[in-house]
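Dear colleague,

Please find below the structure that I am handing over to you. My findings follow directly after it.

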Amino acid sequence: MSRIGNNPVAIPEGITVDVNENIVTVKGKLGELTQEFSNVSIKVEDGNVIVERSSDKKEEKSKHGLYRALINNMIEGVSKGWTKELELVGVGYRASNQGQKLDLALGFSHNIVLDIAPEVKVETVSEKGKNPIVKLTSHDKQLVGQVAAKIRDFRRPEPYKGKGIKFVGEIIRRKAGKSA
């Protein structure tokens, strides 16, 4: 039995949720998101979104909790927004941005220039004596995570010195090097 799927999702003030056939649309102050759904029924009743399934088939049970979580993330995204922060750990690693272009110096022969999707706001913070930080903000949780993962893949953190691009607060499991 899905414990997450049975919980109703509260709709905050200023946000509208529309359900048409098999598409949910959520509008708020930060933007608009849509999501297709199947094998479940979605109703909007007195300030809550309720996700129900018709039977106890395995596929319907799994989608019950999934769509409830996706709708919750959409509502939270258009009301508050989502933020991911990446930290560049390494000597000479730098990050700067001009609008939606992110310029990363990660120890390769050339800088990496990445065009960020227009829905994602990018901001770089560089303080003397601290590692550079790249902040990604958007109303779409999936898009922010995808862009952050793409940036992180340019230089994943390695376990010996801990150099690379990591999420702020992420703990890197360290290994002992060779001992002579």
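R152 is buried in this predicted model, because its relative accessible area is 10% and buried means under 20% (exposed is over 50%, partly exposed in between, with a 1.4 Å probe and protein chains only). The residue lies in helix 3, which spans residues 141–153; helices (H or I, at least four residues) and strands (E, at least two) are DSSP runs, numbered from the N terminus. The side chains of R152 and E170 are joined by a polar contact of 2.6 Å. A polar contact is a pair of N or O atoms within 3.5 Å; within protein, one must be able to donate a hydrogen and the other to accept it, and residues adjacent in sequence count only if both atoms are side-chain atoms. Leaving aside residues up to four places away in sequence, R152 touches P157, I165, K166, F167 and E170, where contact means heavy atoms within 4.5 Å.

As to the basis of these values, residues are numbered from 1 along each chain as its sequence is written, and side-chain values use heavy atoms, with hydrogens and water left out. Since the model is predicted, local features need pLDDT of at least 70 and side-chain atom pairs count only at pLDDT 80 or more, while totals for chains, interfaces and linings use all residues.

K166, one of the residues that R152 touches, is found in strand 13 (residues 164–167). K166 is also buried, with a relative accessible area of 16%. A polar atom of its side chain lies 3.3 Å from the backbone oxygen of E170. With residues up to four places away in sequence again not counted, K166 touches E85, L86, E87, V89, R152, P157 and I172.

The contact between them takes eight residues from domain 1 and four residues from domain 2.

How much area do domain 1 and domain 2 bury between them? The value is about 510 Å², of which 58% is on carbon and sulfur atoms; buried area is the accessible area (1.4 Å probe) that two parts lose on being put together, summed over both. L33, N73 and G77 supply 62% of the area that domain 1 buries against domain 2, more than any other three residues. Across this interface there is one residue pair in polar contact, both at pLDDT 80 or more. On the side of domain 1 that touches domain 2, strand 4 (31–36) and helix 2 (58–79) are the elements that give two or more residues. Helix 2 gives the most, with four residues.

Two loop residues may also be of interest to you. N39 sits in the loop between strand 4 and strand 5 (41–45), and its phi is near 65°, a positive value in a residue other than glycine. N39 is partly exposed, with a relative accessible area of 31%. D46, in the loop between strand 5 and strand 6 (48–52), has a phi near 30°, which is also positive in a residue other than glycine. D46 is exposed, at a relative accessible area of 74%.

Yours sincerely
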